[in-house]
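Please view the sequence and the model together while reading.

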Protein chains: 2
Amino acid sequence: MINLTRGVPPVEVFPIEDLIRASEKNLREDGKRVLQYLHAPGYPPLVEYLAKKHEVDNDQVVLGNSSLELLQFVTLTEMKAGDYAFIESPSYDRANTLLKRSGANVVGIPLETDGVNLDVFEKELKKNAPKLFYIIPDFQNPMGTTTSLEKRKQIAKWAVEYNFLVIEDAPYRELRYHGTAVPSIRSFAPDHVVTLSSFSKTLAPGLRMGYMYGPKDIIKRITAWEVDTYIGSVTPTQGQVFEYLKQGSFEPNLKKLCDLYRPRLDTLLETLNEYLPNAVYPRPEGGFFVGVTLPEGNSMEKLLPAAAEAGFKLTDGRGFYLNPQDGDRFLRIPFCSLTPEEIRNAMQSLTKIIVH
Amino acid sequence: MINLTRGVPPVEVFPIEDLIRASEKNLREDGKRVLQYLHAPGYPPLVEYLAKKHEVDNDQVVLGNSSLELLQFVTLTEMKAGDYAFIESPSYDRANTLLKRSGANVVGIPLETDGVNLDVFEKELKKNAPKLFYIIPDFQNPMGTTTSLEKRKQIAKWAVEYNFLVIEDAPYRELRYHGTAVPSIRSFAPDHVVTLSSFSKTLAPGLRMGYMYGPKDIIKRITAWEVDTYIGSVTPTQGQVFEYLKQGSFEPNLKKLCDLYRPRLDTLLETLNEYLPNAVYPRPEGGFFVGVTLPEGNSMEKLLPAAAEAGFKLTDGRGFYLNPQDGDRFLRIPFCSLTPEEIRNAMQSLTKIIVH
């Protein structure tokens, strides 16, 4: 069974022994604090660490039990039912679900190789300015695309002009295997952007440790919402991660991940070129995914059972689109959990069930 | 400064070394599972453990990041804005806040020494049957009262007859220092009751580890809601607690807690009798609190600044009542974090600023 479904890290990258040592040290030194009730925004040394890392004040950071949860809190504190929300199309299926669940009018803006289509964005903006725009600018899920500098600047400009909030979700930003980083949208409109990040892709997803930084007034509302929801997010794992960071283990681990994932991405792009010459896909420089639009004549209805029969699992591409039919020929291919050889074999098998 | 505010365990009871060993063992043996994405309802061995402990099926249990959060999920999946919700009056201030935040019409039912006043309950029931009734039947927060067997049976009977959901919040149930346990409400109406519990009072609050068990259809909806909110609750701490339980450390620790808290409760009741002869309060047999109604002539407005000046902190009793004015003479006195000597001194100081 070749699994081409979820974007999960391979389990062998989890630094288990380092995390055991970090947990032991933090519990022994500060156990009375991390095991006691601790109000949001989170374990203070970790809040300070993240504030310093992202060059913001301490009261501009809030931790949560996953960044997805923090996205929900933003919808709960910043929006009312009936407000408009923009999202890239396609986008992270769980973000689509959350925004729809919030009662928002969710508008999908078509995604191109260098970010959303600005003409459509502007047209929709003039029709109904949104309360918020959810975007994954670096190595987008599910496409793998990175929003260009010019598009980031324009989005920031509109955010100020039309007074909407940009939710810049950046869990993959540090997982860059080629090229150089593009400045964040936040850097062009710090009062109109909140940035979400997490340790799910750079350390371990089971920690469910997300965080958000941005304007003080929004962070304050999210913090108060957390206190009313669960008093504070889970703390012993925050102590553990803080100790892991303090020991300087994060950067070498990140480098190890990039070195491991780089040839996997390269192999996927090579084999796509070789086996699916008529498919359309971007050339990501990092992250977890390459989004592939198959040639006409393909459809999920036929593809999914054929894939199952051929011994592998695919993600239904329709889940990434607000209008599911738009994803009928769309495949999100995750590459981090497969070796180059497994990727080559998977693409070779895939080619046999695709209409070229 | 004598702190008579929050109901927190004393930090010296946290079994730090046992938790370090449990975490190390679980991470080493099952780290690849607890550090990976794991969908709700939670870490399977812990789900199974809790199902067995509470004599339900595995698919009748869901874990969450605190039981307060699970209460919120129940309001989100089981209620619509405008539905009626009943709650004891007074009750846990955070539960009041959550129910109000859900958009429910929240109705407080006066609490007596043996549980809610059934006449008022029935009258309100006939006016507007609620969607749910939130109750802390064992060693109630903030009162310390335990709902009698007869009242439990009647509540269960009405839940079936009027088809509402009882949320039986039982975080203190195992912390009984005198007398014998009363059967749960769930035992009389298993299809109409969900039970909330947590490890905050019996192990450590910083874990934010709550769980819920009850009818399969509700547990299924909560589980799906969790998947859409954060995929799964924080897992490494669940692995740690599972290992701690498996090693048989929970029961001796619980006994140690009861032995520590029993003389503290006894001292509080003695000194209340001695120093506040005209106050009205129940005689709890367990838990964290004794709820005290001061004689007429007292009011929060005067009491809080006087307490601050006398060197101690009190909780504003008005927060426990839906109609804040009802709590104007109400004090919740937490006793677990203070030694008998500290309790005696605190009551002695308190008596000087009370109108008798």
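## Strand pairing in chain A

In which sense do strand β3 and strand β4 of chain A pair, and over how many bridges? In this predicted model, strand β3 (residues 84–89) and strand β4 (residues 105–112) of chain A are parallel, with 6 bridges between them. Strands are DSSP runs of E of at least two residues, and helices are runs of H or I of at least four, numbered from the N terminus; two strands pair if DSSP finds at least two bridges between them. Within β4(A), Gly108(A) is the bridge partner of Ile87(A).

Both strands belong to an open sheet of 8 strands in chain A, ordered β2-β9-β8-β7-β6-β3-β4-β5, with mixed pairing. Its edge strands, β2 (61–64) and β5 (115–116) of chain A, each pair on one side only.

## Basis of the model

Residues are numbered from 1 along each chain as its sequence is written, and chains are lettered from A and ligands numbered from 1 in the order in which they are written. Local features need pLDDT of at least 70, side-chain atom pairs count only at pLDDT 80 or more, totals for chains, interfaces and linings use all residues, and side-chain values use heavy atoms, leaving out hydrogens and water.
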